[in-house]
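Please read them with the coordinates open.

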Amino acid sequence: MQFKSKKPAFEHLHKKWSARARIAHDNFWSNHANALKHLALGTVGGLILLSPPQGNPQKPNLIASSENALKGYDRNVLLAKALSEKLSSEVKPLNPEEEKDIINLLSDQFGFKVTTELEGIRLNRNYGLIGGEQHLYRYPGDNLYAHAQNSADWARYSDAGIAPGLGAWGYFAPSKNEFTQKDEGKERYYLAIQTFLSPGFAENFAKYRDFFKYRKMLVVNPKTGQAAVAIIGDAGPAEFTGKHLGGSPEIMDILGLAEGPRKGAVLYFFIDDPKDEIPLGPISVKSEVS
Amino acid sequence: MTLFYTHLIEIESVIEELDKMDLSKEEKMHLAQLLDSSLHHTILDAIFSQLTEEDKKTFVAYLQENEHKKIWKFLQEKIDDVEDKIKKVAKDLKDNLHKDLKEAKKLHG
């Protein structure tokens, strides 16, 4: 523990739960020493997967393959460098040349097609200021605590709270029983996009509403290269806020924008994924940045 | 990340109690990590205890892939009522955590 607390209740839990965690850890490692010794001599990834989740959105990559995740992290930094050479310091809509350059770069680096236009529909902009949003109700009777997959999730994301109203498309599932892992991912990795400002929205309301519902997007923090695959889960924010889009607490964390003012400049584009093959969540670049 | 056992474990009640306490973000993170660590190792221990040495290695290989369908297919083949066994150890741990929370709340702070 790298901080001090004088709260008796916290101290009590710290002592009790440290002991419980130590005992559970020691029991596991001593009861299965032979099998685990074999693992310890194997891959770093093998050891890490036996560690508990820490609520860090980059952990899935580490668990799958620590070596690859570390390589991915380095390349994301290189991506940030490449983007900095293509973007102006002012956060403003991209011109057609910048759009082309950047979508080519991102499509190449992430290994799937990103685009500014799908089915003839475009957003009002693809480079803007993102702000932190709250959690959304996912089904009738949902609550903030149910959003946490583990307690680290609660510690990391519950401060954001839950929005009093529903998202633009209502609940993600009609009931808790019908709520799937896929629905869970949608709320976890959602963006609020100013869909109402996209050219042609007012004239084609029904078509645009259906097109934007859960539309898959790539969102990238150009300063760091941190990136996520998300969906459009809500409409907003209002123009007067000065922000151009919003991100769920988890998305803001993935982008490295969860602390301090909880806002920053991001690039965001449609992903052309008609077969729904690209998973939501944090993503690392796939190849060397040229 | 969704772990293969996440859907079986209800931690809302523990989180709800923790949320009622006056805790800083650091304190929350610290307690959350201890809680998750206890739960994770307790569940892995319960599973490993039911597997042969060879099966443990296979299980770990599936864990590395993080393919939940494969993990569950394997566990259901190897361990009778595996889901109930996981739920049982998680509930026992949770009951103890609730006792700890009750004691902590008496300390006002």
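Which elements of chain A cover the buried residues of α9(A)? The answer is in point 2.

1. **Ground rules.** This is a predicted model, in which local features need pLDDT of at least 70, side-chain atom pairs count only at pLDDT 80 or more, and totals for chains, interfaces and linings use all residues. Residues are numbered from 1 along each chain as its sequence is written, chains are lettered from A and ligands numbered from 1 in the order in which they are written, and side-chain values use heavy atoms, with hydrogens and water left out.

2. **Helix α9 of chain A.** The cover includes β2 (117–118), β3 (121–122), β7 and β9 (263–271) of chain A. Helices (H or I, at least four residues) and strands (E, at least two) are DSSP runs, numbered from the N terminus. Helix α9 spans residues 205–212, and its buried residues are Tyr208(A), Phe211(A) and Phe212(A). Buried means under 20% relative accessible area, exposed over 50%, and partly exposed in between (1.4 Å probe, protein chains only). Down the axis of α9(A), these buried residues fall within an arc of 90 degrees, so they line one face of the helix. The arc is taken over the directions from the helix axis to the C-beta atoms. After α9(A) comes Tyr214(A), with a positive phi near 60 degrees.

3. **Asp234(A).** This residue lies in strand β7 (residues 227–235) of chain A. Is Asp234(A) buried or exposed? Asp234(A) is buried, at a relative accessible area of 12%. Contact means heavy atoms within 4.5 Å. The C-alpha atoms of Asp234(A) and Lys213(A) are separated by 8.2 Å, with the two residues 21 apart along the chain.

4. **Helix α4 of chain B.** Within residues 68–78, the buried set is His68(B), Ile71(B), Trp72(B), Phe74(B) and Leu75(B). Viewed down the axis of α4(B), they fall within an arc of 165 degrees, so they line one face of the helix. Lys69(B), Lys73(B) and Glu77(B) are exposed on the other side. The cover draws on both chains: it includes α8 (181–188) of chain A, plus α2 (25–48), α3 (53–65) and α5 (82–106) of chain B.

5. **Interface area.** Chains A and B bury about 5,100 Å² between them, 65% of it on carbon and sulfur atoms. Buried area is the accessible area (1.4 Å probe) that two parts lose on being put together, summed over both. On the chain A side, Trp17(A), Tyr145(A) and Trp154(A) lose the most area to chain B, together 16% of what that side buries. The contact takes 56 residues from chain A and 52 residues from chain B.

6. **Interface pairs.** Four salt bridges (Lys or Arg side-chain nitrogen within 4 Å of an Asp or Glu carboxyl oxygen) cross the interface. One pairs Lys28(B) with Asp159(A) at 2.9 Å, N to O. The largest share of the side of chain A that touches chain B, 17 residues, comes from α1(A).

7. **His12(A).** This residue sits in helix α1 of chain A. Leaving aside neighbours within four places in sequence, His12(A) is in contact with Asp100(B), Glu103(B), Ala104(B) and Leu107(B).
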